[in-house]
Structures are given as C-alpha cells and as structure tokens.
Amino acid sequence: MANDTAVAAPGVPPALERALKRERAARERAEAILESKSRELYLANQALTEEHERVRRRNEEIEKAHLALQEAQAQLVQSEKLASVGQLAAGVAHEINNPIGFITSNLGTLKSYAELMKRLLEGYRRHATAGDDAAQQGELLAELRELEETEDIEFVLEDLDELLSDSIAGAARVKDIVQGLKSFSRVDEAKLAEEDLHAGIESTLKVVANEIKYNCSIEKDFGDLPPVTCNLAQVNQVFMNLLVNASQAMESQGTITITTRADGDFAVVKFRDTGSGIPADKLGSIFDPFFTTKPVGSGTGLGLSISYGIIQDHGGTIEVESEVGVGTEFAIRLPFAAPEEQQA
Ligand SMILES: Nc1ncnc2c1ncn2[C@@H]1O[C@H](COP(=O)(O)OP(=O)(O)OP(=O)(O)O)[C@@H](O)[C@H]1O
Ligand SMILES: [Mg+2]
C-alpha cells in the first residue's frame, strides 16, 4: 500500500491508478499487435501486388501464345491447301503419264511400220516403172512378196488401225484431263459468278478419278439445277474433299451416289457412300480442324473443316448422316443467290 501511494499521482486513488496502468499496458500491447498486423498486411499486400503483376504478365504471354497459335493454324490451313494442290498435281501427273506413255510407245511402233510402208511403196513404184522386162518384174514382185511375208504385213495393217485409234483415244484423255483441270482450278478467280454445279461436279470427278476409280463406282442422279452464284473453284474443293473421303471410307469396293436437286431458294447436292460409316460418338467432331481417324501422315483432318468454312462463307450449310457399316451421306445446301457480304 505504502509503495502504491508513493508512485501514485496525488489525489488518484490507488485502485484507479492500477486500472489506468492496466489499461495503458493493454493499449501498448494492442498497438504493438496492430503495428505488427499492419506490417504483415503491408507485406501481404505487396506480395499480392507482385502476384497480380505476375498473373497479368502471364496473361499477356498466354494471349501472345494464343495469337501465335492462331497464326500457325492459319498457316497450316494454307499449307494443307498447298499440300492438296501438290497431291492433286501428283495425281494429274500420274493420270497424264499413263496415256502419254502408251502414245509414245505406239508412235515408236508406228514409225517402224511407216519405214516398212516406205520400203514397200518404193518397191511397187520400181515395179510399176520396170518396163516390159518380165524377168525383172518377176524378180521385183518376188522380193516384195517376201518382204510382206517376213514383216507380216497383214498383222501390221491390222495393228496400224488399233495403234492409231488407241493413240487418238489417249490424246483425247489427256485433253479431257487438262480441260477438267482448267475449269477446276480457277483458284485466282475469287469473284462470284453464276455457275453450273453439274459442270463443277464433272470437272472435279475428272480430277479425282485417279484417286477414287480403283474402289468406287460413281452414280449420278442429277436434277434440274439453275445456276448457283458461287466461287466454283472453292465449291469444287468441297466436292473433292467429300469424294476423296468417301473413297477412303470404302473397305473394298463401293458406290458413291451424287444427287442434285433444287429446293426452294437452295441447290442441294448430296454425296452418299457405301463406306464404313461414322460412329455416333465421332459424328460431332468430324468438322473440327485436325480431327482425323486416318493413320499419321495420311490425313491432316482439315478437309472437312475447310469445306465447312467454304460452304458457310457461301451462306449455305453442310450436314452429315451416317450409319456404321452402311455408309455416310453429306448434304450441301447452297443458296442460288450468294449472301450480300459475299457479293460485295
Ligand atoms: N465419307 C466418310 N465416311 C466415313 N468417315 C468419314 C467420311 N468423311 C469423313 N470421315 C471421318 O471424318 C474425319 C475427318 O475428315 P477430314 O476430311 O476433315 O479429314 P481427313 O480425311 O482425316 O484428312 P484430310 O482430309 O486432311 O486428308 C476422317 O478422318 C474420317 O474419320
Ligand atoms: Mg479428308
């Protein structure tokens, strides 16, 4: 008690004095806690700001990577187009090489036949101008007969006709291919025009013949189709993708039926095949870029996504129905009049 009174302010009762002391100590403790808390908070806030900055930079990087990916994808689509041009060129080269090969070999044989004809002609001319010397005439004739016999002139005369008609047919085939290619590949004509889809289908068939003829027979069920305002080179590319896919889906031999009809404001073109069909769980993915069920290196999975884009650009739709083991049908609907933004 005596101590308390010694430090206590005069007139302050000791109990109050103790309470004040306790309060002061509590306040000091609270201040200390507050200070340490606010330091913690400050540090936490600083860490948060740094973290925020890191996340922002991360986002930026992701955005950049996304852009780069998009560009890479666009380039891939472009290079897929180039690859299919390359594939096409290889197919066409093969197609042309075949008739050119036998035309060249026929020309070689025809050359030797022409030599023989020349020799015979010269002989008969000599015979005609030999005058009345019967012995000389007889000798010349015997020589000519022998030549005819050793060279088997009967066969040569028959073969001559065959070689010529084969060569003419081969040349016509080359002309056909070139014609088909010309109408198929009007790629630089970005403009829309009123086009005959049947002509597009025919020229596409000529171009892909090499790839699909071994396992597919083609049936056409063409309706009455007014001209369609479109970019035919692009639409042909869609036809090509669908035909090649159908042929690739054939386990052995099969049929592709191409049907065309006018339906109100739309031209409808259907490609139905008797191939493997597409399982229901895959049907939703086939138009996705890079979706492929083909072995690595043989399919890029871009054919249908490119086709989808082309048809969409034309204001049309492309739909698929399929049954495993029965076949697949792709139906394209293209408006006869192109959408306005395309016309511009
Ligand atoms: N007619 C069809 N019959 C069965 N499956 C098909 C048919 N058309 C497409 N598909 C399936 O859809 C997938 C995607 O086709 P898409 O044309 O986009 O790519 P791809 O043919 O695999 O490769 P790419 O066309 O680039 O060579 C194919 O891998 C195949 O599984
Ligand atoms: Mg394909």
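Trainee: Is Asp152 buried or exposed in this predicted model, and why?

Mentor: Good place to start. Asp152 has 12 C-beta neighbours inside 10 Å, so Asp152 counts as exposed. As the model is predicted, this is a reading of computed coordinates.

Trainee: Where is Asp152 found, and what is the value of its phi?

Mentor: Most residues other than glycine have a negative phi. Here, phi of Asp152 is near 50°, a positive value in a residue that is not glycine. Asp152 sits in the loop between α3 (134–150) and α4 (153–184).

Trainee: Let me try a strand residue. Why does Asp221 count as exposed?

Mentor: Use the count again: Asp221 has 11 C-beta neighbours inside 10 Å, and therefore counts as exposed. Asp221 belongs to strand β2 (residues 216–222). Leaving aside neighbours within four places in sequence, Asp221 is in contact with Thr257 and Thr259.

Trainee: What share of contacts in the protein chain join residues at least 24 apart?

Mentor: Among contacts between residues at least 6 apart in sequence, the share is 72%. The chain has nine helices and seven strands, and 19% of its 344 residues count as buried.

Trainee: Which residues touch the most other members of the largest nonpolar core?

Mentor: The largest one here has 33 residues, and Val238, Phe239, Leu242, Leu243, Phe271 and Ile332 touch the most other members. Elements that give two or more residues to this core include α5 (197–212), β4 (254–263), β5 (266–273) and β7. The most comes from α6, with eight residues. Take Ile332 as an example: beyond four places in sequence, Ile332 is in contact with Val238, Val269, Ile311, Gly316 and Ile318.

Trainee: Why is α6 described as largely enclosed by the rest of the structure?

Mentor: Because 14 of the 17 residues of α6 are buried. For helix geometry, the general idea is that an α-helix has 3.6 residues a turn, so residues three or four places apart point the same way. α6 reaches 24 Å from its first C-alpha to its last, close to the 24 Å expected at 1.5 Å a residue.

Trainee: How many residues surround ligand 1, and which are the closest?

Mentor: There are 21, and the closest are Ala249, Thr292, Gly299, Gly303 and Leu304. The elements giving two or more residues to this shell are α6 (232–248) and α8 (303–313). By type, the shell divides into seven nonpolar, twelve polar and two charged residues.

Trainee: Over which residues does pLDDT stay under 50?

Mentor: Where pLDDT is low, the predicted coordinates should not be read in detail. That applies to residues 1–6, where pLDDT stays under 50 and the model has three contacts beyond four places in sequence. The chain as a whole averages a pLDDT of 86, and 88% of the residues score at least 70.

Note on methods
Residues are numbered from 1 along each chain as its sequence is written. Chains are lettered from A and ligands numbered from 1 in the order in which they are written. This is a predicted model: local features need pLDDT of at least 70, side-chain atom pairs count only at pLDDT 80 or more; totals for chains, interfaces and linings use all residues. A residue is near a molecule or strand if its C-beta atom, placed from the backbone, lies within 6 Å of it. Helices (H or I, at least four residues) and strands (E, at least two) are DSSP runs, numbered from the N terminus. Ala, Val, Leu, Ile, Met, Phe, Trp, Tyr, Cys and Pro count as nonpolar, Asp, Glu, Lys and Arg as charged, and the others, Gly among them, as polar. A residue is buried if 20 or more other C-beta atoms lie within 10 Å of its own, exposed if 12 or fewer, and partly exposed in between; C-beta atoms are placed from the backbone. Two residues are in contact if their C-beta atoms, placed from the backbone, lie within 7 Å. pLDDT is the predictor's confidence in each residue, from 0 to 100. A nonpolar core is a set of buried Ala, Val, Leu, Ile, Met, Phe, Trp, Tyr and Cys residues joined through C-beta atoms within 7 Å. The expected span of a helix is 1.5 Å times one less than its number of residues.
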